[in-house]
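I set out to record what I looked up in this structure, entry by entry. The sequence and the coordinates come before my notes.

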Amino acid sequence: MGSDSFIQMTKWEKYDDIFNKIPIVVFNREKNKYDIEKSEIGNMYKNHRFNFKNNPIFMQALPCWTFVSEFNEKISSTKLRNIT
């Protein structure tokens, strides 16, 4: 998901269920690196953040999430869904 969506997750219905069902990968959108760390959701789940680069085993326990800061593509999720 894009970091802009991640920051807004606390407004979603049953967002905590999502964290307990799937690992979440947050992709950098418009340089939101510091915004996600200061966001309500980032703070709530800060102890469940997974550092992908330093660990070869990707997300073994839920809840967990990681942030891909090197992603700088300017593409919307709507456009991604429509790619065939």
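Entry one, strand pairing. Which residue in β2 stands opposite phenylalanine 27? I looked it up in the model, which is predicted, and found valine 68 in that place. I then turned to the strands themselves: β1 covers residues 24–27 and β2 covers residues 65–68. The two run parallel, and four bridges join them.

Entry two, the faces of β1. I noted Ile24 and Val26 on the covered face, and Val25 and Phe27 on the uncovered one. In a regular strand, side chains alternate between the two faces of the sheet.

Entry three, salt bridges. How many salt bridges does the structure hold? I found one. The side chains of glutamate 37 and arginine 49 meet in it, at 3.4 Å from N to O. Glutamate 37 belongs to helix α3 (residues 33–38) and arginine 49 to the loop between α4 (40–44) and β2, so the pair ties together parts that are twelve residues apart in sequence. I also checked the accessibility of both partners. Glutamate 37 has a relative accessible area of 37% and is partly exposed; arginine 49, at 34%, also counts as partly exposed.

Technical notes. Residues numbered from 1 in each chain as written. Predicted model: local features only at pLDDT ≥ 70, side-chain atom pairs only at ≥ 80, totals over all residues. Heavy atoms only, no water. Buried < 20%, exposed > 50% of the residue type's maximum accessible area, 1.4 Å probe, protein only. Pairing = 2+ DSSP bridges. Salt bridge = Lys/Arg side-chain N within 4 Å of Asp/Glu carboxyl O.
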